[in-house]
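Please open the model below in your viewer and keep the sequence panel beside it. The stops are meant to be taken in order.

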Amino acid sequence: MSLRLSTVILPYRRWHEGGRSAWTRAEQLGFHTAYTYDHLSWRTFRDGPWFGAVPTLTAAASVTERLRLGTLVTSPNFRHPVTLAKELISLDDISGGRVTLGIGAGGSGFDATALGQEPWTPRERADRFAEFVPLLDRLLSEDAVSYEGDFYSAHEARNIPGCVQRPRLPFAVAATGPRGMRLAARFGQAWVTTGDPKLYENGTPEQSIQAIRGQAERLDDICAEVGRDMTDLDRVLLTGFTPDRVAPLQSLDAFVDFAGRHAELGFTEIVIHWPIPDSPFATDEKVFEQIAMEAPAQLR
């Protein structure tokens, strides 16, 4: 399988002031999927414009035809499976079946307290995620669902006519720990990693490769445990959070080398951030477009 190249477009620009043009250009450049972050606010962008993921993806669906669309990632921090399922079914319908749900346990950032709650511990996030994913799977696959859990409930929740994609739209499950990886193996059509966050500040690219190899091997073991064919699970690397940072986007050759080394680890999709001036994702737009247009052919 050829290595797919995708992008993530942060929702920080008004739709008619550059927001729309990024999505249409992503399709023109031939990206496989264009994702956006599903946050209420995020890191250094907190005090500036930031728009909602589902409305943004709905607008993107209306101005594109072939480009797949998705979140990277949605989390339980401020989402409930019942209401999220209804929005996703609607988005899948509007897009003609082009939606992928990137989903993760969430973190301790601004989303974790925006609804007035105390931040959950890592254990609490994992517990909620373990309930969130199976319930969402049912809500997107069945016409009516009733459920009573420790964290979430559904009472005769109706989701007719269901997703355009059958039996439901695909899940790309972000996980580095064993519990999340089991959810990816059981419910995911893809597994997502950003690498080892402990290496971001002081690690080396070589250490990062070794850490990601270890993650991939753990996923292989878990797939074997649950009876999942590991070749049936796509593997997605969201770049920008390894010690390389934006170095792979400095030239076409640098990116092809970076992507090729991760393809050797079994990755089927590499996601790069759309350039944002004066941010951690500031890269040369001409080089970015060259990578988008020329790198896939070199990575087949």
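This is a predicted model: local features need pLDDT of at least 70, side-chain atom pairs count only at pLDDT 80 or more; totals for chains, interfaces and linings use all residues.

Residues are numbered from 1 along each chain as its sequence is written, and side-chain values use heavy atoms, with hydrogens and water left out.

**Whole chain**

Select the protein chain and colour it by secondary structure: there are 8 helices and 10 strands. Helices (H or I, at least four residues) and strands (E, at least two) are DSSP runs, numbered from the N terminus. Along the principal axes, the C-alpha atoms fill a box of roughly 55 × 45 × 40 Å.

Next, colour by accessibility. Of the 300 residues, 54% count as buried; buried means under 20% relative accessible area, exposed over 50%, and partly exposed in between (1.4 Å probe, protein chains only). The chain exposes about 13,800 Å², and carbon and sulfur atoms supply 49% of that area. Areas come from the Shrake-Rupley method with a 1.4 Å probe; for residues, only the protein chains shown count as cover.

Now display contacts (heavy atoms within 4.5 Å). Among those between residues at least 6 apart in sequence, 74% join residues at least 24 apart.

**Salt bridges**

How many salt bridges are there by the rule used here? The count comes to 15, a salt bridge being a side-chain nitrogen of Lys or Arg within 4 Å of a carboxyl oxygen of Asp or Glu.

Select Arg235 and Asp220, whose side chains meet in a salt bridge at 2.4 Å, N to O. The pair links distant parts of the chain: Arg235 is in strand E9 (residues 234–238) and Asp220 in helix H6 (residues 205–226), 15 residues apart. Arg235 counts as buried because its relative accessibility is 6%, whereas Asp220, at 21%, is partly exposed.

Move to Lys198 and Asp196, a salt bridge with its closest N and O atoms 3.4 Å apart. Lys198 has 70% relative accessibility and so counts as exposed; Asp196, at 16%, counts as buried.

Arg138 and Glu142 form another salt bridge, at 3.2 Å, N to O. Here Arg138 is partly exposed at 28% relative accessibility, and Glu142 is partly exposed at 31%.

To leave the pairs, select Arg4, Asp234 and Glu269 together; salt bridges link these residues in a network.

**Two single residues**

Which helix holds Arg179? Select helix H5 (residues 178–187) to find Arg179, which is partly exposed with a relative accessible area of 38%. Show its surroundings: leaving aside neighbours within four places in sequence, Arg179 is in contact with Arg123, Ala126, Asp127 and Ala130. The C-alpha atoms of Arg179 and Ala126 are separated by 7.3 Å, although the two are 53 residues apart along the chain.

Finish at Thr204, in the loop between strand E8 (190–193) and H6. Thr204 is partly exposed, with a relative accessible area of 31%.
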